[in-house]
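Please have the viewer open.

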Amino acid sequence: MGPWGRPRDSPPSPRPAEPPRGPAPFAEGGVSSAGCPAPALGRLECLRGKHRRAPPPRAARPIRAPRLRPRPPPGQSPPRGRFKDAAFAIRIRHPPTPRLYGPGPPGDGDGDGGYNVTALVTIATKTFLRYDKLRGLIASIRRFYPSVTIVVADDSQRPEPLQGPHLEHYLMPFGKGWFAGRNLAVSQVTTKYVLWVDDDFIFTPRTRLEKLVDVLERTSLDLVGGAVREITGYTTTYRQRLSVLGGGAGGDCLRTRPGFHHRLAGFPSCVVTDGVVNFFLARTDKVRQVGFDPRLRRVAHLEFFIDGLGVLHVGSCEDVVVDHASKLALPWRRTEGERQYARYRYPPARDDSLRLKHRLFFFKNRFKCMAGN
């Protein structure tokens, strides 16, 4: 006997046949040959001889359109929800286009450096009631620069005609203002440089515009001033150093001091500063970039240079001098036009001009305090 209770020489008994794998074929009558019911009798499935109920078939999901966020009406913010808006910045950079000016053929006023002053410079001024002084200025200019263009902005009450070659006379509403007239005059300049003068200046042999042109052509300065000589012989350049001290959220502090920063290399009589006298040659596009605040109507000068801090590179040359017409006159010999001009030029203490300047310093320039000599 073997270990399994059968004779050692007896043949092995045959193994029972395994049921076929996979789903059994269904017979007619509802029962398959393996004993599994037909599909009509409950959807039973036969797996290795054991019956298991198949899961019910899933219904097909309908295809739904994506939920789109409605555009909010103009002026309203979108409603909050689970949808998030993504924003990213796109910076489009264009290289600045150059602004070029032709030097023009050699002509009037050629001097130091061979510059054609007629092609490079336009003289601009603003006048108010002082036609005798203005005609003196024009006559002195024509002695040295007969073909340079002169632009005059005029806001007098009863304008007088101005005639002459290369002269442009622009009329404004009465009393429009000092800085508004400056904007009008500069807007009509088509040359590379503009020379600003008062209407009571007098050109002399020392008023060499070629020197100022040479400074701007050979340096990085945007504006260079000269000197003004009074009838008494006193000469001033009105060089001012401007500095802004941070003052926190309440505003900054402006400090003005006479003087300059350093000498200008290559020009011993010129310096670098922040503000100059009201006789200067400047790049036309830079003056337009800063502009003159038209709210300053009667008394203003240093405000232009304050607005130009960080934009204008300013210099001053003391060897280019223009004369200032005499202001000395006896009260009983003044004309009616001179008296009217004095009332506008020198407003009384109760006038609102000073308060307006302070408001502009505070709200426009963000200055809460000022200090100076």
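In which loop is the place of I92? I92 sits between β2 (50-53) and α1 (117-120), where helices (H or I, at least four residues) and strands (E, at least two) are DSSP runs numbered from the N terminus. This is a predicted model, in which local features need pLDDT of at least 70 and side-chain atom pairs count only at pLDDT 80 or more, while totals for chains, interfaces and linings use all residues. Residues are numbered from 1 along each chain as its sequence is written, and side-chain values use heavy atoms, with hydrogens and water left out.

I92 counts as exposed because its relative accessibility is 66%; buried means under 20% relative accessible area, exposed over 50%, and partly exposed in between (1.4 Å probe, protein chains only).

Turning to the cysteines, the whole structure holds two disulfides, a disulfide being a pair of cysteine sulfur atoms within 2.5 Å. One joins C253 to C369, with an S to S distance of 1.7 Å, and it links distant parts of the chain, since C253 is in strand β11 (residues 252-258) and C369 in strand β16 (residues 367-372), 116 residues apart. C253 is buried at 19%, whereas C369 is partly exposed at 29%.

The other pairs C270 with C317, their sulfur atoms 1.9 Å apart, and the link is right-handed, with 110° about the S-S bond. C270 is buried at 0% relative accessibility, and C317 is likewise buried, with a relative accessible area of 0%. Counting bonded cysteines along the chain, the pattern is 1-4, 2-3.
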